[in-house]
Every structure is written in C-alpha cells, then in structure tokens.
Amino acid sequence: MQNTDNKRFVAIGLMLFAILFGAGNLIFPASMGQASGDHFVWAFIGFCITGVGLPLLAIMAMAYAGCNDLQEAAGRAHPLYGLFYTVVVYMSIGPCFAIPRTGTVAFEIGLRPFLTEGQVEMGLWIFLVLFFVVSYWLAATPQKLVDRVGKILTPALVLTLGALIVKSVVDPLGVPQAAQPNYAGVLTATVAGILDGYNTLDAIAAFVFATLVTNFVREGGAKTAKEVTSQVYKSGILAVSLLAVIYFFIAKIGAESVTAIGMQDTGAPVLAETAKILFGNFGAILLSVIVLLACLTTSIGLITCCAAYFMRIVGRLTYKQYCLLFTIVSFLIGMFGLKTIIVSTIPVLMFVYPLCVILIVLLFTDKLFDGRQCVYAFTTAFTFVMAAVSGLETAGVNLGAISEAIKAYVPFAQYGLAWVPFAVTGYVLGLAYKAAVPCKACCKPA
C-alpha cells in the first residue's frame, strides 16, 4: 500500500509540475537572466520567492486550512468577496489571459521561426485551431488527466529540457555580463526577481490546482485529513522543486547568452537563439518540442479547472460544454497575438497577486486568531485598496495626487510593494478589533 501511495504522489506531483510549467515559465527566467547578468543568482532567489515559494505555500495553505476551494478560502473575508475574487482568478488564469497565452507563446517560439512574414497570420490561425482542439480533447476527459499528463507528457518535457540544460553546462555560451540598472545591487536584483516571478501567475493558479490535487489524492485512497495533507504536501514539494531547478538553469543560460546573441527584448528569442547555437537546426526543433509540451499541459489543466468551477457555480451547461466554450473563447482571444495578451495581463496581475499573498498568510495563521472573520476582512480590505491602486496605475490610469502621496509616504512603494504596509496595517487592526469585540459579533460561519 505504501509503494502505491508513493507512486501516486509522484504521478500527481509530476502532473502538478506539468500544469504549472508553461512557456511563460521558460521565457521569464531567460529574460531575467539576461537583465540580471552577474547578479542572476540573487534575481533567481527573488524569482523563487514568488515563482516557487508562493505556489507551494498556496497549495499547502489550502490543505492546511481544510478549504475545499478558493471561493471558500477567500469567502472567509466575506462570501461576496470570495465569489468576486475567485471569478477574477479563474478568468485570469483561464480564457481571458493564461489559456490564450499558452497557444500564442507556443506559436511564437515553436512555429513562427520556421515561417516567412507572409505565412505568419495564416500560420497562427491554423496552429491555434490544432492546439486548442488537442487541449479540448484532453481536458474533456479529466479522469485520464494524471495518466496522460503525469506519465506521458511530463517525462518527455523534462527529458527535452534536460538535454538543453546539460548542453548549456557542458558548452556554455559565455560569462555573465554586468547587470542592468534595476538589477545592479543585491537587494534590487532580489526585489526585481520577486516582481519577475509574478509573471508566471503560478501562485494564483496554485490555489485553483490545489483543489485538483486534493481530489486526486482522495481518489488515490487517502481518507483522513492527515493523509490528504501529507500527500498534497509531498506532491507540491516535488512539483516546485522541479520548477526551481529548471528556473535556475534557464536563468543561467540567459545570463551567459548576452555575449553570444546580445540583449533581447523578451525571453523568447533568448531561448530560440541559444538553442540554435547549442544544437544547430536541431536546436530549433528541440525548443519547439519544449514549448509545445509546456504550453499544452498548462492549457489542459486550466481548461479543466475553469470548466469544473463554472459548471458548479452557474450550471446550465455540461462540463464538456464549458470546456468547449472556454476553448473557443481562448482561441478567439489568442488571435489578437501574444503582445496584446501580455500587456493586458499585467494590470490584473498587479491587482490579484497582493490579495493572493495575504490569503496565504491568513490561512496559515487562521488558528492564531481563532478564524475570526474580522481579521480576514480588515486585512483583505486594506490590501484590496492598494492592489486596486496598483492595478489602475499599471493600466495607465492617472491617479494624480494619490499616486504622488503613495510614492512619498508609503514604505516599499519604490519597489512596487506598497501593498505590504497596507496589508500589515489591516492585519493589526483586525487583531485589535478581535480583542475588543466579542466573538459572536464577527465570527466566521461554523
């Protein structure tokens, strides 16, 4: 029985890794590595805080707090907020941004280098049709997800990445150059890496995938809360450990590539050009395989989770019909192209991420304040204000005196972390309210 459990957590851990690891997880570390240069290790540490640590903590927090889903967890502040935040998260990691991004990134790196300019528009259309047809077929049969993703696609992805990494270690492209200004110091490089890690969207996605992982653990025979939590923890640690190893070597490749290919605008050409140098024409094909597998596995997981959630809260359509709906919407948005999708994602990301971080903290410290709703509400409300301001500023909305006051008086504003003191203030006020007001006045529902 123990051997079966071990095999199960390995399969689930590989599945979780594959779902979390999309092409964006390849692009952002490579770009960060180029920019951070001789400080890439410090940038990598920062990247791991948000790109590795937060996803793991999100998964663990959900299991630790015994939450059935993200809506229940966020709803501890208020049921309406729980619904609002969960819908925003699902639409962000679903058909509005992340799913279309998987298809367009796969095209940009995996196929576009082989096309002429005149073939790009038609090539994108044909590629996205095929990509999302396969995504729909695999997502529409979730009972086979662990076997297909965890046992077939993931090993192929890891082996392909391993070949590129080993070759880069044996035959490095060069030595890291001086870091760009925003990565020039140890602290600035680490903070920049933290913000770079936001781009993966893995922390908010992990809240959603935690439910999927927990369900598979229970289907595998875990019955007690302790057994479920243990299996979820082990699966999560396996998944994020693989992420951290790959992030390090991709960042290293980026840092060493500047002398060979020069500074690039994004991580996509960094990987494309280094693969060609390391493997020749075969390198381009190898990279195509990496990107396609990474994007496909992520797309499958996102469609699966989004369809299951909206079928539960809205109904009316069947699971497969929701899969089809989100697949079609993702295809249509994908036709706008990768650049439009990325630019549109950033403001939402700046709004969603701070709320994600404070939810993790609240779930882990729930027992310290007896699960009182007031602590959840105060902390969430204060964080919400600054997260909304950050999102609006990123979207280009001129807030005038508000923005100036924040930059002048709020700690960490220069690092893009002005929400942190607001969150701490809300948490402290929540604890003070808890101490001053009787439990029956603000307890969370039993």
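**Entry 1. Second largest cavity**

I looked up the second largest cavity to begin with, and its volume comes to about 40 Å³. The model is a predicted one, and I read every entry below with that in mind.

I then listed the residues around this space. The second largest cavity is lined by A73, A74, A77, Y81, L355, I358, L359, L362, Y376 and T380. I sorted them by class and got nine nonpolar residues, one polar and no charged.

Next I asked which helices supply this lining. Helices α4 (70-74), α16 and α17 (373-394) each give at least two residues to the second largest cavity.

**Entry 2. Largest cavity**

I counted the cavities of 30 Å³ or more and found three. For the largest cavity I noted a volume of about 160 Å³. Its lining takes in 18 residues, of which A98, R101, T200, T298 and L302 are the closest to the centre.

I went through the elements in turn. At least two residues of the lining of the largest cavity come from each of α1 (2-20), α2, α6, α10 (202-219) and α14 (281-313). I noted α6 as the largest contributor to this lining, with four residues.

By class, I have ten nonpolar, six polar and two charged residues around the largest cavity.

**Entry 3. Largest pocket**

I turned from the cavities to the open spaces. The largest pocket holds about 690 Å³ of space. I recorded 27 lining residues for the largest pocket, and those closest to its centre are I27, T266, G267, L338 and I342. Two or more residues of this lining come from each of α2 (23-36), α6 (98-110), α13 (267-279) and α16 (338-364).

I checked the domains here as well. Domain 1 (1-335) and domain 2 (339-437) each provide at least three residues to the lining of the largest pocket.

How many nonpolar, polar and charged residues are in the lining of the largest pocket? I have 15 nonpolar, six polar and six charged.

**Entry 4. Nonpolar patch**

I finished on the surface. A nonpolar patch there is formed by V41, W42, I45, I49 and V186, and I noted about 400 Å² of accessible area for these residues together.

Which helix gives the most to the nonpolar patch? I found it to be α3 (residues 40-65), with four residues. I looked up I45 separately and placed it in helix α3.

**Entry 5. Cross-check**

I have α6 in the lining of the largest pocket and in that of the largest cavity. Helix α2 is likewise listed for the largest pocket and for the largest cavity. Helix α16 gives residues to the largest pocket and to the second largest cavity.

Note on methods
Residues are numbered from 1 along each chain as its sequence is written. This is a predicted model: local features need pLDDT of at least 70, side-chain atom pairs count only at pLDDT 80 or more; totals for chains, interfaces and linings use all residues. Side-chain values use heavy atoms; hydrogens and water are left out. On a 1 Å grid over the protein atoms alone, a cavity is a set of points where a 1.4 Å probe fits but cannot get out, and a pocket is an open set with protein on both sides within 12 Å along at least five of seven lines; lining residues have an atom within 4 Å of a point. Grid points are joined across faces, edges and corners, and a volume is the space filled by probe spheres set on the points. Ala, Val, Leu, Ile, Met, Phe, Trp, Tyr, Cys and Pro count as nonpolar, Asp, Glu, Lys and Arg as charged, and the others, Gly among them, as polar. Domain bounds come from an automatic or database domain assignment. Patches are made of residues with over 30% relative accessible area and no salt bridge: like charges are joined within 9 Å, nonpolar side chains (Val, Leu, Ile, Met, Phe, Trp, Tyr) within 5 Å. Accessible areas come from the Shrake-Rupley method with a 1.4 Å probe; for residues, only the protein chains shown count as cover. A salt bridge is a side-chain nitrogen of Lys or Arg within 4 Å of a carboxyl oxygen of Asp or Glu.
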